[in-house]
Amino acid sequence: MAESLLQMVIENLQAFVQDELATLWGVHSQIQELSGNLAAIHAVLQDAEEKQIRERAVKLWLQKLSDAAHVLDDILDECSIESNRLHSDQCLTRLDPVTIMFRRDIGKRMKEMVDRFRQIDEERRRFELRGRVPERQQEDEAWRQTCSGITEHNIYGREQDTKNIVEFLSRSADSSNDLSVYPIVGMGGLGKTTLVRWVYNDNKVIEHFDLRIWVCVSTEFNTMRILESIVESTSGHNPNLSTLEALKNKVQEILLGKRYLLVLDDMWSTDKWEDLKSVLLCGGGTKGAAVLVTTRVESVASVMGTCHAHHLSPLSEDDNWLLFKYHAFGSDKVERTELVAIGKKIVKKCGGSPLASKALGSLLHNKKEEIQWVNVLESKFWDILEDDSIIVRALKISYFHLKLSLRQCFAFCAIFPEDFRMEKEQLIHLWMANGLIKSKGRLEIEDVGNEVWEELCQRSFFQEVEIDELGRTTFKMHDLFHELAQSIMGEECRVYDESASLTNLSTRVHHVTCLKPERKVNMDLFKKAESLRSMINLYPFHDHRNLNGLPPFNSLRALRTNASQLSELKSLTHLRYLNLRSSGITTLPECVSRLQKLQILKLERCENLSCLPKHLTQLKDLRHLLIELCHSSVETPPNIGELKCLRTLNLFVVDKKEGHGLSELRDLQLGGKLHIKGLENVINEGDARDANLSAKKNLENLYLSWGSSDSRGGANAERILEALEPPSNLKSFGMNGYSGVELPSWMQNTSILSSLVMVILYDCKNCKHLPPLGKLPHLTVLYVSGMKDVKYIDEDSYDGVDEKAFKSLKDLTLSKLPNLEGMVRDERVEMLPLLSSIRVSCVPKIKLPLLPSLEHIRIEGTGSDSDHGDSEDMALSFPEAIVENMHRVKVLHIEHFPTLKALPHELGSLNSLQELELYYFDRLESFSENVVQGLGSLRTLMIGCCKELKSLSEGVRHLTCLERLDIIYCPKLVTLPSSMNQLVSLRHSYINSCDTLPEGLQHVPSLQSLDVCNIRSIPEWLGDLTSLQKLHLYCKGLRSLPSSFRNLTNLHELSIDGCHKELQKRCTRVTGQDWQAIAHIPQFKLVPIHEETFSGINSSLYSVFTINLCLCELVSRLS
């Protein structure tokens, strides 16, 4: 790192002289001496970097050099900032008192730096370091064409391993009544994670398990983090639960009745395994639930495993050669005989490690000269790194063959914790802020960052790359590469979590990452750091409780915080990157506009934020201004067009005030995402044309919004939209509140729309016809709502025999379309071959053909929320045609049909249906036996808020696969059918807010888990449920327990929340009146009503996923 850092400082020194700043601040002689010393030091750094591996004295010398270089860089940056201040303020002169004091201070500090580097240079001479003529590093162009490291195309030498594990999961584990834990053991770099990932995505495994969950555990076993990951993996969002008890309950709810596969990747310790195991067991997953564990530690496998561990051996030389060959030669390149011979010798040195072979193969991917291959084979690092494993030697060889600019960018990744999923854009922004990348020729700095990232990816330093439908990239580093980055950074980088101590913080630390709430961090401990550059809080912010101020380090280049007291921002003059996330601020302070070096300003989830600084346009270096999920109305600062460097502006609010018109966007070379709000304030199409959107070739996501106050009507909106033609490379497009009747010509042009992946059309109430959306080849997500006159989503004709409509669409939402009859007018065309999920609300007339891939359907009528308002009439009848012929559907959710008295008979044809949820059927009295008998595959049935429901019908005897039954607020359902005794698979039930526990539940022969909430009393017959293993009661005011509880001999866990104090006395150990009925239960917990810690009504079961919420999520992803 020292070599690349020093190169950066030397370049800054040269710029300092060229800009005549040395003369301005009277430090010309000091700069000259520093330049000479640094040049002499730089000449021997390559030798020093290699010698430090074995010579500690050289390593310490390099650390001194790095520390001094950071401080010198701070001084040069301060001089640049003060010089800019002088030039921008015409009232200031060199005789200004502040300027004189600054000049004196800089002179003193520069003399100190001269002395410091003079001493470092003298120490250099003692080491007899040799200067070298730097080898010309060949520019590799070919890697830019493709990035083969993104996806593992094959798994070499692990076919039998994969087969054995899949066989275990589908047969051995399936036959076990207990939780099966299968450990996979092997040293680092053998491909344990890669192997399990192939198993995880095997088609047999996908079909076999209801739920698959992947959790990276890493070195610290944190139960709360693992439980959060389980919830996030299944629901797609962070649960935002602050207590361990609440998380346990949530996980148990998720796993209830599911045959699940849980992967615990990279386990190092079993200290808290029993705690997690108890949660998994109490979750009551069905027979066949399994856990796959990867670990390097044999003792972990022996403690956790319920069967013999699967030991992963090194790859055979032949298999390792195939892997190396793939990464070195690719699938198309000619394999030259002489290179093959050298390559096989390199593979032999890799010792059967796929990670080593992959790293070195990627290193040589575009090396065409034989000498380049020989240099790797005969590298001195194979010998001088004798204390390292063969794998680590190979990774270090790969590292030392990187260009200097790539080395520092890779090492910087140590700022993220192990197993962390990094965002490519965020990483590039942090590289920018820390000066690790610069623009090059015509390449902008972001393009250089992309090239660096792509090359590191191609060379296998990054892995598990995922690209979402909008092109956003996330990735990980293998833990051995992460350890390498940490070893390079040493004390310069620290990651702190809940268990880490800050008391031993080194003065050398430059980058700090917090994984704990900032309000729990003592910022004073960081004051001894000489030049702190990055303070990044990655803690998942749930609240706005951090009322602390900012860290007092004016050397900071990058800051991510949720602080609400921002007065200290004015002193952070070096700041390039500022990310405020979940801060409670209402106004971004004006001092932000004086941070003249600021390049990236990100404001995320600041829900109360309504005002930005008026003088934000003083930030002439600002390149990215992002305002995301800030729900208040945030006004765009005036004259934003003056920020000529701006490359991302994701929100622009049009106003009639001067400096807020669309002409502000004219000359900005914007890319990424842009949401333009307030289009009702645009006067005419000329103003709209001034936005110059079609010229913004880097723009990928565009969303256009009109408010409700457009008094000039639809004709004006039509002209304005015509003038807002975007570039043809858009990935997503959306508009909201458009009042025109006709759409513009560019929206009928499929060549302009051909790259679209997502389209959102919301509340365009006067439109009668839509664009030819069915012909867009890449369209994956479509949301259409609030168009009363639209009859078909696509009215174009399809002439080609093989032409398919909506051929890539997977996710479809249709809402408030009362006259919609179908997706396409041309009934002959095949359509929607890949559609897997559809949500429909207030679309009574729609008809759909047989959809081969459809698995999830959500149908909503109308509820009490205002969004549906004028849609009451359109939603009284159930759209039966939606579920006709949908034989592959697995999940069906129906809600808000208040007038429906019987379930549609079409439901009886869904013989593959596994999960059925029914909510808010106000007049539904019973289930038809004809419907129920057709649902033989049903495994989960949830019924809620059906206040007239009296009977489930005797037809439930046909539900022989039913594993879970939930009944919520059905007050008249007091008796269950007598045929409940035939539900032999039913193991889990949840009864909430029914007047009484329904009679007949006691006849279920295999019920294992029962949650009862808000029931007035517990019947004596509950003791007949002798198969019961887990019982949770949340019944406010419960005063006593039935004596029959003594019959529940299999019950091993009983928890009672919100009970009366009287019950607490009755359950007192030995002496209580009810104690004898529960004395046999191993785990018993009772929480009186005044100590209530957890809500009994399971809100997630009550919650209704509204179409509006869906829209909010889509727009947030887009904008």
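A crossing is right-handed if the near helix is turned clockwise from the far one by less than a right angle, and left-handed if anticlockwise. Helices here are DSSP runs (H or I, at least four residues), strands likewise (E, at least two), numbered from the N terminus.

This is a predicted model: local features need pLDDT of at least 70, side-chain atom pairs pLDDT 80 or more, while totals for chains, interfaces and linings use all residues. Residues count from 1 along each chain as its sequence is written, and side-chain values use heavy atoms, leaving out hydrogens and water.

First, the helices. α19 (residues 390-400) passes α23 (residues 479-489) in a right-handed crossing. From α19, Ile391, Leu395, Lys396 and Tyr399 meet Leu480, Phe481, Leu484 and Ile488 of α23. Contact means heavy atoms within 4.5 Å.

Next, the glutamine. Gln1002 sits in the loop between β34 (988-992) and β35 (1009-1013). Is Gln1002 buried or exposed? Gln1002 counts as buried, at 10% relative accessibility. Buried means under 20% relative accessible area, exposed over 50%, partly exposed in between (1.4 Å probe, protein chains only). Leaving aside residues up to four places away in sequence, Gln1002 touches Trp1021, Asp1024 and Leu1025.

Last, the cysteines. The structure holds zero disulfides (pairs of cysteine sulfur atoms within 2.5 Å). Cys946 is in none; the nearest cysteine sulfur, that of Cys970, is 4.9 Å away. Cys946 is buried, with a relative accessible area of 0%.

Key: Axes are lines fitted to C-alpha atoms, for helices over the stretch in contact, and angles run from 0 to 180 degrees between N-to-C directions.
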